Each structure stands twice: as structure tokens, then as C-alpha cells.
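Open your viewer and keep the sequence panel at hand. We will go from one selection to the next, and at each stop I will tell you what is there.

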Amino acid sequence: MADTCKVLMIFPLFNAGSFWNYKEACELAGARYPAAPLGLITIAALLPKNWEIRLVNRNTELLTGEHFDWADMVMTGGMLPQRNDALHIIDMCLACNKPVVVGGPDVTSSPAIYGAANFQVLGEAEEIMKDFISAWRSGERKGVFEAPMGKTDVTKSPTPRFDLLKLDQYLHVGVQFSRGCPFSCEFCDIIELYGRVPRTKTTEQVMSELDALYALGYRGHVDFVDDNLIGNKKALKQFLPALKHWQTEKKFPFEFSTEASINLADDAELLRSLAETNFFAVFIGIESPDTDTLVMTQKKQNTRRSLQQSIETIHKAGIFVNAGFIVGFDSEKGSVAAGMIECIEDTSIPVCMVGLLYALPTTQLTRRLQAEGRLYSGSEQTQSGDQCTAGLNFETKRPRRDILSDYRTVLDAIYNPVAYFGRVRRLGRMLRRQHAHKMIKGDLRSFVRLLFRIHRAGPGAARQFWHMLLDCALHNPKALPYVVMVSALYLHLGPFSRQVIDEIDREIGEVDQGRWQAPPTRLLAEAAIA
């Protein structure tokens, strides 16, 4: 009997109320969603070559009964903001009697929530998929396959099945060089899932991935989805010359973005190498300008340098910074709004994900809060947003109302069009790009669409946009494509910030009127059951 299997891979919906759901920016570019599902297409490459695979991304296309009728097996899973839909997909599979396999970071963190699935693949899949495939071939239809945390040899990771993607549906496509992060931030689950020793792929592996994308005709934005690209600087410095050579040989078909820690600014050689290779953006977790908070959360790397000077150094290297900030830490002794706003303005970072602290399932923070009897019971069962629309799932040290008020104040200040485009204007003057942006299909059309839609982002947005655009054209025209890119995000960020502010206002109102009741904490709930 021939060994065949029809595998339907389903990428679950991200919750609609998300900072990262750049729907309007996608529409400008003719895309349907920002990022492609790298995890599932990597799993696809680990499956037997003679198995048939179809991929349905619920964020970009419809899932129909015909898909289920075709399949012998369904694979799904993802991150915390995808949990609600992943559970819905499992229910759909059970209803039509299709075996379902679930994997990814959320099931790894909270396996009990996904107990209805036939199979669970916990941890990194490279070394345990063989066991799963053997079990399936032998007729097993239920099981748990678990990899030890942070131990997987990523040099065994295959080239993802980019051919399964409808590439024109996405703003960018991801590749990965390393996994893990050397730091130990209390609130972060990266080190719990992927370890503190960054493991890197070989240069040949990554170049093969880029070759595969290039051969499929893809051009434009490629995101290195690493937890911290500079976690292993030595390996990165050995890799970048090969990447620069490849880019030069192919006439720079790709522009890169990534995530890194603030100490990137300390290494002039590395910054220069990233810029020469055509990295144009980096996400950095700043979290708080308050030193006591950074020390308490074990993010001490952010205390050893001037944030303003570090960000300016990165900007002047031709790479712009997006940043994360968090409100609600125990160490906050009073209002933090003014200090956070000042930090964001001083660093001229336009795109800031400011969120409420959320205790993720497998973190030092969650373990501490649970030991202190402060983690709310049931918070792990439902998750309806991201840090912007769901947070503070624990008993806070400061009055909850004060934290919500600070959060509201920060959002209102930084996403006011005068403030936002003021930061974009200052960024435009600093950004010293080494490579001119290569126009790709649709760029001009996207720009024209932006001109017609910018007024929709809120009162005053169009005026501030034009003021910024003229300033950049006069002082640093090489930066124009990038300030346009950041401006396009305001089509989402302006309205989204106002939506979040409305939600926070409602919650503040509930607190003021005595209608908000703190959920029972985990220990109290467990005592009640006992």
C-alpha cells in the first residue's frame, strides 16, 4: 500500500483587535495580511515528500467544507492571539471526524487548553516530527510529542515550503537565522520556549532559503523573525558578509527587518554591516524608561546606556527603530505617563507598541505572581486581544485605575497626528540610508492610494503628513520611501489607538462606578475547588 496522506494546514485567525493587524497598510499595497505563516511551511518541509499538502491562511482566505473533505489530517496552531480560532478549528475538525494535530508556542505553553486535539506537538518540531510521522504511519491517532526546551539543533531545519504561499497576499515574508535570546527578562516567554543560548542556522541554510524565495519571483521586504538577531554576535558577523555578497550579486532584491536588543547600538561594525546588507528596520523592546523597572524585570541591558543616544545611533546608521513599551510593572511608584511620552518623543520612534503588562503562561513573572497569590484565575483560558486590548491579568500593585489612566494618556499623546508625524519628520532627517529603495511592482500605486486615504486617519493627519513629506524631500530624499512606509502604518495606528482609548475609557468608567470586580486569584480559586 502506498504511503500517502493529504495534509490540510490551517493558519488560525489573529484576533481582529490587534496592534499588528495593519489592515489598511495591507490594502495600500494590495496585500491581505502583514506576515506569512513561517512555522507551518517549515513543518510542511519536514513531512514526507510524497504527502500532499494544502495551506489555508484564515487571515487571507476562506476555509470551506471542501478543504476538510479533501484532507486525511489537519495541522494547525500558532501564538496566543490566535488561540480562540485555533480552538474553533479543532472543534470543526472533531465535528467532521478529521484527526487534528496542533503545535506552536501557545499549545507548548498551555497544552491543557488544547486537550481536545488528537495530537499535540510541543516545542520545536525538527527532531520530533519523525516520531509523529512514524506514529501516524503505524496507525496511531492520538498522542503527545514533546521536544526538550531550547535544545533542538536548528541546523537540521529544512528550507520552508515557500511554494505553498500565495506570496502576493503578504506585506513581507519571514526567514530565521537564530532561535533563543541571551537575556532573561521576567515577563518574556522566549527564553522559556527557546532557551537562553541562541542557536544559529548555517550560512548555507539561510542562503538556500533566500534562493528559494528569489526563484519564486519574490522581491521586497523579508523579515528575519529571530527572537534577537544579535543574540549570537559572533555567528551573525560570520554570516553577514555572505548575505551582503548574495545581495550585491542579485542587485539587492530584498530589504530586511528584524528584532534585536538595544546593545546593537554599541557595536559600530555590526551596525554598519547590517546597513550595508540592506537592513532598514529593527524592533527593540524598550519597555520602560524607568531604571528601577528595568532592573526589577531583569532587563538590565537597557540601563547601561543612554536610550536616546542609542536609538539615534541606529537611526543614523540608516535603520529605523520600532519599539515596545509596557505599563503596569510592580516597580512603578507613581504615574509613568510623562516619562514614557518624553522617552518616545526624545528617541523619535514613530511606531511604538505600548501595551499593558500581561503575564504570559510560561514566564518568571507568571510563576512569581502565582506564588504571591496575585494571578487571576481563568485568565489562561481566554485571550481576546494582544497587550493593547488585553492585559493586567493579575492584581496590580498600583491602583488599576491609575495604570489604565497612564496607558490612555500615553496612547493619546503619541498617536496624536502632530506628535506622530513630528517623530516621522525627525526620523526622516536622521535616517542615513546606504542603499536606495528599489521600486517594486505596486509601490507607486500604494503611494497614490496613501495620498488619497491619509485624511481618513483622523483630523489633521493629512496636513501633518504633507508637512513631514516636504521636509524629508528637502533635507533627506533618500529616506522618502521609509517615511512613506511609516506614514502608511498610521492609517491603522491612528484609528486603532482611538479604539483602544475608547475601550480603556469604558474600563475606567466601570472602575469609577464600582462595576469592575477583580476576578478571583489562582490560589483562591484552587482553595475554593478544594
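Start by selecting D85, which is found in helix α4. Helices here are DSSP runs of H or I with at least four residues, strands are runs of E with at least two, and both are numbered from the N terminus. This is a predicted model, in which local features need pLDDT of at least 70, side-chain atom pairs count only at pLDDT 80 or more, and totals for chains, interfaces and linings use all residues. Residues are numbered from 1 along each chain as its sequence is written, and side-chain values use heavy atoms, with hydrogens and water left out.

Is D85 buried or exposed? D85 is buried, with a relative accessible area of 8%; buried means under 20% relative accessible area, exposed over 50% and partly exposed in between, with a 1.4 Å probe and protein chains only. Now show what surrounds D85: leaving aside neighbours within four places in sequence, D85 is in contact with P12, L13 and R58. Contact means heavy atoms within 4.5 Å.

F11 leads us into a sheet. Select β1 (residues 6-11), which runs parallel to β3 and is joined to it by six bridges. In that pairing, F11 has N57 of β3 as its bridge partner. Two strands pair if DSSP finds at least two bridges between them.

Now widen the view to the six strands of this open sheet, in the order β3-β1-β4-β5-β6-β7 with parallel pairing. Which strands stand at the edges? They are β3 (52-57) and β7 (143-146); each has a single partner strand, so one side of each is left without a neighbour in the sheet. From one strand to the next, the twist averages 20°.

Then select α6 (residues 129-137), which lies across β4, β5, β6 (119-122) and β7 at about 150° to β4.

**The seven-stranded sheet**

Next, colour the strands β2-β8-β11-β12-β13-β14-β15, given here in their order in an open sheet of seven strands with parallel pairing. At the edges are β2 (33-35) and β15 (352-356), each pairing on one side only. The twist in this sheet averages 20° from one strand to the next.

β2 and β8 run parallel, joined by two bridges, and A35 stands opposite H172 in β8. Five of the six residues of β8 (170-175) are buried. On to β11: β8 pairs with it in the parallel sense over three bridges, and G174 stands opposite D223. Keep D223 selected, for its bridge partner in β12 is S257. Four bridges join β11 (residues 220-224) to β12 (residues 254-259).

Now jump to β15. Five of its five residues are buried, so β15 is largely enclosed by the rest of the structure. Both faces are covered, with C352, V354 and L356 on one side and M353 and G355 on the other. β15 pairs with β14 in the parallel sense over five bridges, and F325 stands opposite V354. The chain goes from β14 through α13 to β15 in a right-handed β-α-β crossover: with the strands pointing away from the viewer, the path from the first strand over the helix to the second runs clockwise.

**Two helix pairs**

For the last stops, hide the sheets. Select α15 (residues 400-414) and α19 (residues 480-512), which pack at an angle of about 160° with axes 10 Å apart. α15 and α19 are therefore roughly antiparallel; angles under 35 degrees count as roughly parallel, over 145 as roughly antiparallel, 65 to 115 as roughly perpendicular and the rest as oblique. Residues of α15 that meet α19 include L404, Y407 and L411.

Finish with α16 (residues 417-430) and α18 (residues 461-475), whose axes come within 9 Å and cross at roughly 10°. α16 and α18 are therefore roughly parallel to each other. Show the side chains in contact, among them F421 and V424 of α16 and F465 and M468 of α18.

Methods
Axes are lines fitted to C-alpha atoms, for helices over the stretch in contact, and angles run from 0 to 180 degrees between N-to-C directions.
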